[in-house]
Amino acid sequence: MAGGPAETAAPALPEGRYGTGRAKTSRRWRRWLFLAVALLVSGLIAWVAYVNLGSAPIDAERIAFSEKPGNAMEITINVTRDDDNRPGVCIVRVRDKTGAESGRKELLIPAGVKYSRMTTTIKSIGEPVTADVFGCSYDIPRYLSTP
């Protein structure tokens with residue numbers, strides 16, 4: 001009986017012509033290596049985001065500002081910190097109508113209570129239109145610390 005199922009099988013390839021077949025294990029270890037590298041990179045990105053975008057240990061919020069004579073502006077801020085036994089420093093600034101910074105002042109926040117309300121006056125090189133908090137830190141410059 002010609003043409004039966006035994007005769008329709010794929011013909012055998014000539015030996016040595018196409019090289020040897022690849023082993024399935026070589027692809028498997030690459031997949032595991034890629035997965036391990038992807039998990040490591042993802043973990044590193046998550047850690048950097050947590051460190052940089054987490055809550056700040058000391059922070060300030062502008063409560064009010066008012067214009068004073070002589071190109072000056074008064075600003076009132078509320079300072080919140082996680083360690084009330086450490087003094088801190090906040091940088092406050094004023095801006096002119098173009099949005100450029102026209103005055104800046106470093107404000108020493110003495111150790112004491114966890115929440116502090118501070119008021120200061122900032123001189124400007126031009127007519128100020130707004131005041132805000134640039135940032136706060138526990139790293140106090142030597143010229144601001146008290147002996």
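In what order do the three strands of the open sheet that contains β3 lie, and is their pairing parallel or antiparallel? The order is β4-β3-β6, and the pairing is antiparallel. Before I continue, please note that this is a predicted model, in which local features need pLDDT of at least 70, side-chain atom pairs count only at pLDDT 80 or more, and totals for chains, interfaces and linings use all residues. Residues are numbered from 1 along each chain as its sequence is written, and side-chain values use heavy atoms, with hydrogens and water left out.

A word on terms. Strands (E, at least two residues) and helices (H or I, at least four) are DSSP runs numbered from the N terminus, and two strands pair if DSSP finds at least two bridges between them. In general, strands of a sheet pair through backbone hydrogen bonds, either parallel or antiparallel.

To return to this sheet, its edge strands are β4 (101–109) and β6 (130–137), each pairing on one side only. The twist from one strand to the next averages 20°, with axes taken as lines fitted to C-alpha atoms and angles running from 0 to 180 degrees between N-to-C directions.

Let us consider β3, residues 88–95. Seven bridges link β3 to β6, and eight link β3 to β4. C90 illustrates both pairings: C136 stands opposite in β6, while L107 is the bridge partner in β4. R95, for its part, has T130 as its bridge partner in β6. Five residues separate β3 from β4 in a hairpin, and G99 in the turn has a positive phi of about 95°.

Why is β3 described as largely enclosed by the rest of the structure? Seven of its eight residues are buried, that is, under 20% relative accessible area, where over 50% is exposed and in between is partly exposed, using a 1.4 Å probe and protein chains only.

I turn to another open sheet, with three strands in the order β1-β2-β5 and antiparallel pairing. Here β1 (58–68) and β5 (115–123) are at the edges with a single partner strand each, so one side of each has no neighbour in the sheet. Ten bridges join β1 to β2, residues 72–81, and D59 stands opposite T80 in β2.

Finally, the helix α1, residues 24–53, includes L33. At 46% relative accessibility, L33 counts as partly exposed.
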